[in-house]
Amino acid sequence: MGSCCSSELAETQLEKQKHQHANHQQHQPQRASFSLHHAAPLAAVGDAPAAFAEFSLAELKAATGGFSSDNIVSESGEKAPNLVYKGRLQNRTWIAVKKFTRMAWPDPKQFAEEAWGVGKLRHRRLANLIGYCCDGDERLLVAEYMPNDTLAKHLFHWENQTIEWAMRLRVAFYIAEALEYCSNEGRPLYHDLNAYRVLFDEDGDPCLSCFGLMKNSRDGKSYSTNLAYTPPEYLTNGRVTPESVIFSFGTVLLDLLSGKRIPPSHALDMIRGKNILLLMDSHLEGNFSTEEATALVDLASRCLQYEPRERPSTKDLVATLAPLQPKSEVPSHVMLGISKEEETPAPQHPLSPMGEACSRMDLTAIHQILVMTHYRDDEGTNELSFQEWTQQMKDMLDARKRGDYAFRDKDFKTAIDCYTQFIDVGTMVSPTVYARRSLCHLMCDQADAALRDGMQAQCVYPDWPTAFYMQAVALAKLNMHSDAADMLNEAAGLEEKRQRGGKGT
């Protein structure tokens, strides 16, 4: 059994799912992620594709297998000062968790404020920050997980094929777009921009890691790479400026051109000596446009100017790179040479009468089953002391009884009002009440509210098949049929598990 989550939870998941559906309709692959705990809506449904959440340490431990070394995805493995772990939430969403060293951010309020500032950013060219955790001395950031490695891996440590020229140009353009977006949103500083900060998502599209938008510690360094790659002004004053970010972008352009790490001073000497071909990656075997390469070299040279004021702006970067996009119709995963694997669907389970009713969205049959089931699944969800049996408690139970009578008589609007009175008191939590009110909302064509109640029922009773069934019907009503099918199958799997365990449904 679980305890009831905050009412903000359902709002957050509902916003996420509605955004996914809206983005699908618009054919814009905007990722969205969410937490199952402590979620707080960022904005209204039309304003943001995903919510930013505070996660519990227990939730992140569960997601990462207790921060298992097997789940470390940091480039330096366990030697990295701040480890990054791959994890998976209860809702099957993959995440990346950055775990800071102890006391890197001693003030939890300052850390939370910084995280919330970055968490407000949402862009398809970012691996977006979706949450954080402050628990004791622990400080963690939670981001969307990018499954297809880093630019450094594909450029410097590739096995089967190097990145083709057109893809390199796409990487430069997409990261420039990410930097311009951050700058326009008032977050122009990016710490230690390099090829390890460029990640590839499930479609093979390059994204800029959100982790670089926060320093590794409150007073820590902004650059961890070799000093040869550090902006000259940073060596003088130790401060990152928007112009410093442009310099670092120039070093990434050198990586894309050469396929290896070349100190900017050496690269500039080659450029001045007109030895552009010597700068180019030999593994490209000449398969690049000389005109495009010259334009990219020129842009890199401008980014690496010693005087910060002589470097281009992020707007200039985008304007220069936008025309240099051959093969714009070819998907990134094709150019990157990776197979785009669809997630293996969960095995199909036989459906119970409840599952059959939900699969065909037969609300009348669902109503009959809920009436017959009554409250037997609520056993154990509440442990009340004698002192809690007050007059208020009696009034609350009377409200539930009135709701039950209305529910039985199919007076669904009255049932909603009565069940709401019961829920608002908060002394008892009942998954059955949430499930019944969910069906009432469906009967009143209120699928959004029905989905929220189904999720609240899941919070109270995480392994209860009925909670998943109600969500499946609500998702289907919202025309989110793929999600509905997944939810229906998960409910059937839970039901089958209960039967194997000797429990009734």
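1. A residue is called buried here when its relative accessible area is under 20%. The model under review is a predicted one. Ala-472, with a relative accessible area of 5%, is therefore buried. Ala-472 belongs to helix 19, which covers residues 465-477.

2. Beyond its neighbours within four places in sequence, Ala-472 is in contact with Ala-484, Met-487 and Leu-488. Ala-485 lies 13 residues from Ala-472 in sequence, and the two C-alpha atoms are 6.9 Å apart in space.

3. Five of its seven residues are buried, so strand 6 is largely enclosed by the rest of the structure. Strand 2 (residues 52-54) pairs with strand 6 in the parallel sense, over two bridges. Within this pairing, Glu-54 stands opposite Tyr-132 of strand 6. In a regular strand the side chains alternate between the two faces of the sheet.

4. Strand 6 also pairs with strand 7 (residues 138-144), here in the antiparallel sense and over six bridges. Leu-129 stands opposite Ala-143 in strand 7. The two strands form a hairpin with two residues between them, where Gly-136 takes a positive phi near 65°.

5. On cysteines, the count of disulfides comes to zero. Cys-134 is in no disulfide, and the nearest cysteine sulfur, that of Cys-133, is 6.8 Å away. The cut-off for a disulfide is a pair of cysteine sulfur atoms within 2.5 Å. Cys-134 has a relative accessible area of 21% and is therefore partly exposed. Cys-459, by contrast, is buried, at a relative accessible area of 10%.

6. The whole structure contains 14 salt bridges. One of them joins the side chains of Glu-138 and Lys-99, at 3.4 Å from N to O. Glu-138 lies in strand 7 and Lys-99 in strand 4 (residues 94-99), so this pair ties together parts that are 39 residues apart in sequence. Glu-138 is buried, with a relative accessible area of 10%, whereas Lys-99 is partly exposed, with a value of 22%.

7. A further salt bridge is formed by the side chains of Lys-327 and Glu-164, at 2.8 Å from N to O. Lys-327 sits in the loop between helix 11 (314-321) and helix 12 (332-336), and Glu-164 in the loop between helix 4 (151-156) and helix 5 (165-184); the pair therefore ties together parts that are 163 residues apart in sequence. Lys-327 is partly exposed, at 39% relative accessibility, and Glu-164 is partly exposed as well, with a relative accessible area of 26%.

8. Asp-362 and Arg-360 also form a salt bridge, with their closest N and O atoms 3.4 Å apart. Asp-362 counts as partly exposed, at 25% relative accessibility, while Arg-360 counts as exposed, at 52%. Side chains of opposite charge can pair when their charged atoms come close.

9. Arg-170, in helix 5, should be read against these pairs. Arg-170 is buried yet has no salt bridge; the nearest side chain of opposite charge, that of Asp-205, is 4.6 Å away. The cut-off for a salt bridge is 4 Å between the side-chain nitrogen and the carboxyl oxygen. Leaving aside neighbours within four places in sequence, the contacts of Arg-170 are Pro-206, Gln-325, Lys-327, Ser-328, Val-330, Pro-331, Ser-332 and Met-335. Among them is Lys-327, the residue whose side chain meets that of Glu-164 in a salt bridge.

10. Helix 14 spans residues 363-373, and its buried residues are Leu-363, Ala-365, Ile-366, His-367, Leu-370 and Thr-373. An α-helix has 3.6 residues a turn, so residues three or four places apart point the same way. Just after helix 14, His-374 takes a positive phi of about 55°.

11. Ala-112 is found in helix 3 (residues 108-119). Ala-112 is buried, with a relative accessible area of 13%. Leu-140 is 28 residues from Ala-112 along the chain, and their C-alpha atoms are separated by 9.9 Å.

Conventions. Residues are numbered from 1 along each chain as its sequence is written. This is a predicted model: local features need pLDDT of at least 70, side-chain atom pairs count only at pLDDT 80 or more; totals for chains, interfaces and linings use all residues. Side-chain values use heavy atoms; hydrogens and water are left out. Helices (H or I, at least four residues) and strands (E, at least two) are DSSP runs, numbered from the N terminus. Buried means under 20% relative accessible area, exposed over 50%, partly exposed in between (1.4 Å probe, protein chains only). Contact means heavy atoms within 4.5 Å. Two strands pair if DSSP finds at least two bridges between them. Lys and Arg count as positive and Asp and Glu as negative; His and the chain ends are not counted.
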